[in-house]
Amino acid sequence: MAASTPASSAAADLVARIARGDRQAFERFYDSHASLAFGLIRRVLRDRESAEEVLQEVFWQVWQDAAGFDPARGTPEAWLIMRAKTRAIDKLRSMRRRGQTFVAPLDERVARGPETRGDDPALAAEDRSLAQGALEQLPGPQRQAIELAFYGGLTQAEIAARLGEPLGTVKTRMRLGLERLRALFKADEA
Amino acid sequence: MTPDELSELAAGYALGALEGDARARFEALVRARDAEALRALRQYEESLARLAAEHPETPPASVKAALLARIAATPRGAASMPDGAISMTRPRPRRSVWTVVLAGALAAGIAAIAVGLTVSARYERRLEALGQEAAELRTQVQREQSLLAILRDPATQMVALSGQATSPEARARMLWHEKAGGLLVAAGLPPAPAGKAYQLWAIAGTRPPVSAGVFAVDAQGAASLRVPPLAGVARVDVFAVTLEPAGGRPAPSGPMVLVGKS
């Protein structure tokens, strides 16, 4: 079963009410969860205006598709974050296709990878601000694979090409990285 | 597929990093409600949600205002439906450009009043709302045109569904075309209880029921559901609606609410 914290089950009740057209429930869900979604969207899309647009689309989908939320399949937080991720990455990819992004929006600190960051204390400080928390506790290559996909919107094949690694290696790193994250969060709860 | 391969697909999918065949393979597992695939996906998604929660960022108030305006300007019947559904209670005439403009202006007007934004911000919002409304209406017109095409085709089946013991007042009609999909319109249904949703089933001959989608009911007890063509389903003998846990089930498990034979 999904980890059901009291906060998550309160949120699940809100989503059930949204499915019945309860606008107050929608407002409460937005107030309590918009910053969660916006934090992720902003990491994917540096452009503030695009991020706001995506946030609005994500919550519009929440309003329209709340009946499709199934508490047995996960928490409302995960449901929301997966929608935010998909929309943000779609937007990022379409901006890249149209060449709307000047600089590669992919964070260059992420793209360089952990091995090449060297001992520059300024870069090291940036690194900390980039990924404080659970990701930082992952082995570098696993963390990099997760960041390039989740925040950089790159596919497994693109990551493999970028890093000059076999596709299988990238797949394994993603799996191991996510399993390690899960263990970290679990230990956190205990 | 080994457990590791399955986990790798789930990890790539949760990260949004799968494409092509790999993505199609995993999506097929999810659609088939493969227990292992769903379990792995759920775990990875929860971890990523926890990761995202480490870096929250407060959005500007204008996003909420625009959303509330959009909701206020959209009839509930349309908004309560899953994507692909249209409202039954108000059959909409084909809209002209001017209707589109009017609807957008209304949405923008509500937004401005609701939050008392500055004049310049109001015009920005208004433009934004106009653009969104226009896009929505375009989508809607396309949907309605595809429905008209179904109605005109003599091969289309029309099935009347009647309410069962739990809701004898309920009535519905189902239009079905094997290539184009169909449309369910229902009335007189009570709202689904918390955590539940109505699910439509298509039954052909003696084969097990195939899910045709999940839907909610508006305040007037009306609902509609646009059904895409269903893989492997041609002529349908029976359409039925059951009450299921939210999100639906792979096979009917709850009480039958509506049923009709073609």
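A: A nonpolar core here is a set of buried Ala, Val, Leu, Ile, Met, Phe, Trp, Tyr and Cys residues joined through C-beta atoms within 7 Å. Buried means 20 or more other C-beta atoms within 10 Å of a residue's own, exposed means 12 or fewer, and partly exposed is in between, with C-beta atoms placed from the backbone. Bear in mind that this is a predicted model, where local features need pLDDT of at least 70 and side-chain atom pairs count only at pLDDT 80 or more, while totals for chains, interfaces and linings use all residues. Residues are numbered from 1 along each chain as its sequence is written, and chains are lettered from A and ligands numbered from 1 in the order in which they are written.

The largest nonpolar core has 111 residues, and the ones with the most contacts inside it are A:Val15, A:Ala37, A:Ile41, A:Ile81, A:Ala149, B:Ala10 and B:Tyr198. Helix α2 (residues 23–44) of chain A gives the most to this core, with 10 residues; helices (H or I, at least four residues) and strands (E, at least two) are DSSP runs numbered from the N terminus. Zoom in on A:Ala37: leaving out residues up to four places away in sequence, A:Ala37 touches A:Leu55, A:Val58, A:Leu80, A:Ile81 and A:Ala84. Touching means that the C-beta atoms, placed from the backbone, lie within 7 Å.

Next, helix α4 (residues 76–97) of chain A. Its 22 residues reach 32 Å from first C-alpha to last, close to the 32 Å expected, where the expected span is 1.5 Å times one less than the number of residues. Just after α4(A), A:Gly99 has a positive phi of about 65°.

Now for where the chains meet. The contact draws 58 residues from chain A and 53 residues from chain B. On the chain B side, α1 (3–14), α3 (35–52), α4 (61–72), α5 (76–79) and β5 (210–215) each supply at least two residues. The biggest giver there is α3(B), with 12 residues. That side of chain B splits into 30 nonpolar, 10 polar and 13 charged residues; Ala, Val, Leu, Ile, Met, Phe, Trp, Tyr, Cys and Pro count as nonpolar, Asp, Glu, Lys and Arg as charged, and the others, Gly among them, as polar.

Chain B has seven helices and eight strands, and 37% of its 262 residues count as buried. An open sheet of eight strands runs β5-β4-β7-β8-β1-β2-β3-β6 in chain B, with antiparallel pairing. β5 and β6 (223–227) of chain B stand at the edges with a single partner strand each, so one side of each has no neighbour in the sheet. Strands pair if DSSP finds at least two bridges between them. In chain B, β2 (residues 171–177) and β3 (residues 181–187) are joined by seven antiparallel bridges, with B:His177 opposite B:Gly181. Six bridges join β1 (residues 157–163) of chain B to β2(B), and B:Ser162 has B:Arg171 as a bridge partner there. β1(B) also pairs with β8 (residues 256–261) of chain B over two bridges, where B:Gly163 stands opposite B:Leu258.

Most residues other than glycine have a negative phi. B:Arg33 has a positive phi near 55°. B:Arg33 lies in the loop between α2 (20–31) and α3 of chain B, and is partly exposed, with 13 other C-beta atoms within 10 Å.

Definitions and conventions
Two residues are in contact if their C-beta atoms, placed from the backbone, lie within 7 Å.
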